[in-house]
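User: Could you walk me through this model in questions and answers? I'd like the cut-offs spelled out as we go.

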Amino acid sequence: MKIDLNCDLGESFGNYKIGMDEEVIKYVSSVNIACGFHASDPVVMAKTVKLAADNGVSVGAHPGFPDLVGFGRRNMNVSPEELKAMIQYQIGALSAFCKASGIRMRHVKPHGAMYNMAARDEKLAFAIAEGMAEVDSNLILLGLSGSKMLEAARKVGLKCASEVFADRAYEEDGSLVSRTKPGAVITDENECIERVIGMIKNGTVTAVTGKEISINPDSICVHGDNPKALGFVQKIRERLLNDNILIESL
């Protein structure tokens with residue numbers, strides 16, 4: 001058995017530092033780097049790409065809505081045309097830094113509200129997939145397990161990977177519990193680890209209602225802005241290896 005372990009990095013901005021990128025990156029196989037819309041800036045992007053290159057970690061773009069104040073977690077009323085342009089703009093920006101560091105961008109994972117909206121909205125999902133395909137048809141779309149994004153990727157001929165979350169609660173329909181609700185983010189390390197192992201070995205996870213739902217894990221995400229991110233990735237990685245589950249990038 002094998003799994004990708006990913007983390008969202010490069011989300012600092014100017015004098016504001018978010019996450020523990022230098023420590024977390026040692027334990028993951030793929031990173032999703034913010035592209036300047038919901039977080040980050042050109043200097044942070046350049047440093048984070050170089051950090052990934054130096055650590056031999058696979059790099060993906062993490063495009064979001066242009067909402068620094070809301071950290072890209074507030075829904076925006078955008079047309080598919082606007083969303084497609086946002087995706088291509090941000091992929092282009094990160095691609096330049098990848099080229100400068102002598103590495104290839106491997107995947108794209110939308111961020112926050114963009115990710116959740118496109119998981120349910122077929123038109124937005126196609127805007128993302130088509131935007132990616134027009135820029136680089138070899139990119140992998142990393143999207144929520146069972147979402148419209150994965151369907152759209154397959155229909156436009158893109159590779160795709162199904163993402164599950166170690167530190168987020170699920171609704172019965174497979175969507176993530178809104179961060180506005182209590183219990184949306186799981187803070188207990190042992191609970192996270194057991195959920196991850198269950199997802200990989202059984203293909204299921206317990207929703208907030210207590211119901212077991214099916215899930216398809218290709219990649220596990222731990223949020224870099226979670227205060228316990230470092231502890232999570234260390235212990236998840238240790239448990240995976242102890243259970244003979246290979247950690248391999250997308």
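What follows is a short chat about cysteines, surface, pocket, salt bridges and backbone.

User: Before we start, what kind of model is this, and what are the ground rules?

Analyst: This is a predicted model, where local features need pLDDT of at least 70, side-chain atom pairs count only at pLDDT 80 or more, and totals for chains, interfaces and linings use all residues. Residues are numbered from 1 along each chain as its sequence is written, and side-chain values use heavy atoms, with hydrogens and water left out.

User: How many disulfides does a search of the whole structure find?

Analyst: A disulfide here is a pair of cysteine sulfur atoms within 2.5 Å. For C35, the closest cysteine sulfur is in C98, 8.9 Å away, which is too far for a bond. C160 is in no disulfide either, with the sulfur of C221 as its nearest at 17 Å. The search of the whole structure comes back with 0.

User: Is C160 buried, partly exposed or exposed?

Analyst: Buried means under 20% relative accessible area, exposed means over 50%, and partly exposed is in between (1.4 Å probe, protein chains only). C35, at 5%, falls in the buried class. C160 has a relative accessibility of 25%, so the label is partly exposed.

User: Which helix gives the largest share of the lining of the largest pocket?

Analyst: A pocket is an open set of points on a 1 Å grid over the protein atoms alone, where a 1.4 Å probe fits, with protein on both sides within 12 Å along at least five of seven lines; lining residues have an atom within 4 Å of a point. There are 24 lining residues, and G112, A113, N116, R168 and R179 lie nearest the centre. Helices (H or I, at least four residues) and strands (E, at least two) are DSSP runs, numbered from the N terminus. The largest share, 6 residues, comes from residues 112-120, helix α4.

User: And what is the volume of that largest pocket?

Analyst: Grid points are joined across faces, edges and corners, and the volume is the space filled by probe spheres set on the points. For the largest pocket that gives about 410 Å³.

User: How many salt bridges does a search of the whole structure find?

Analyst: The criterion is a side-chain nitrogen of Lys or Arg within 4 Å of a carboxyl oxygen of Asp or Glu. One example is K17 with E22, whose closest N and O atoms are 3.7 Å apart; K17 is exposed at 58%, while E22 is partly exposed at 41%. Over the whole structure, the count is 13.

User: Which residue meets E171 in a salt bridge?

Analyst: The N to O distance for this pair is 3.3 Å. Both partners lie in the loop between β6 (159-165) and α7 (189-202), 10 residues apart. The partner is partly exposed at 45%, and its name is K181.

User: What phi does S40 have?

Analyst: S40 is in the loop between β2 (30-34) and α2 (42-55), and at 1% relative accessibility this residue is buried. Phi is positive although S40 is not a glycine, with a value of about 80°.

User: And what is phi of F71 near?

Analyst: F71 lies in the loop between β3 and α3 and is buried at 13%. This residue is also other than glycine, and its positive phi is near 55°.
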